[in-house]
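Me: I've got a structure open and want to talk it through. Can you help me read it?

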Amino acid sequence: MKQVGNMKLYSLEEVKDELIGKIGTPERDEHERKVEDALQAYRIGEAIKNA
């Protein structure tokens, strides 16, 4: 966390740790797997559109 004036700024990793869980927990692993699956589906869709 970084303090800027009255505001606290958090990195994406800090937010994911707080909301989803630390790296290595089942919930975090499942989330990361779903994100990777969605990205792969997007890339395939883009490749099909471009072909």
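Me: Let's start with lysine 16. Buried or exposed?
Reply: Lysine 16 counts as buried, because its relative accessibility is 17% and the cut-off for buried is under 20%. Keep in mind that this is a predicted model.

Me: What does lysine 16 form a salt bridge with?
Reply: One partner is glutamate 13. The closest N and O atoms of the two are 3.5 Å apart.

Me: How are glutamate 13 and lysine 16 placed in the helix?
Reply: They are 3 residues apart in helix α1, which covers residues 12-19. That separates them by about one helical turn.

Me: And how exposed is glutamate 13?
Reply: Glutamate 13 is partly exposed, at 36% relative accessible area.

Me: Which residues are in the salt-bridge network?
Reply: Salt bridges link Glu13, Lys16, Asp17, Arg28 and Glu32 into a network. A search of the whole structure turns up 9 salt bridges.

Me: How many of the residues count as buried?
Reply: Of the 51 residues, 6% count as buried. The chain exposes about 4,500 Å², with carbon and sulfur atoms supplying 60% of that.

Me: Back to helices. Where do lysine 49 and glutamate 46 lie?
Reply: Both lie in helix α2, residues 26-50, and are 3 residues apart, about one turn of the helix. Lysine 49 is exposed at 62% relative accessibility, while glutamate 46 is partly exposed at 24%.

Me: What about glutamate 36, what does it form a salt bridge with?
Reply: With arginine 43, where the closest N and O atoms are 3.7 Å apart. Glutamate 36 is partly exposed at 41%, and arginine 43 is partly exposed at 44%.

Me: New topic: which residues form the nonpolar patch on the surface?
Reply: Met1, Tyr10, Val15 and Leu19, with about 440 Å² of accessible area together. Methionine 1 sits in the segment before β1. Its relative accessibility is 52%, so methionine 1 counts as exposed.

Note on methods. Residues numbered from 1 in each chain as written. Predicted model: local features only at pLDDT ≥ 70, side-chain atom pairs only at ≥ 80, totals over all residues. Heavy atoms only, no water. Buried < 20%, exposed > 50% of the residue type's maximum accessible area, 1.4 Å probe, protein only. Areas by Shrake-Rupley, 256 points an atom, 1.4 Å probe, with all protein chains shown as cover. Patch = residues over 30% accessible without salt bridge, like charges linked within 9 Å, V, L, I, M, F, W, Y side chains within 5 Å. Salt bridge = Lys/Arg side-chain N within 4 Å of Asp/Glu carboxyl O. Helix = DSSP H or I, 4+ residues; strand = E, 2+ residues; numbered from the N terminus.
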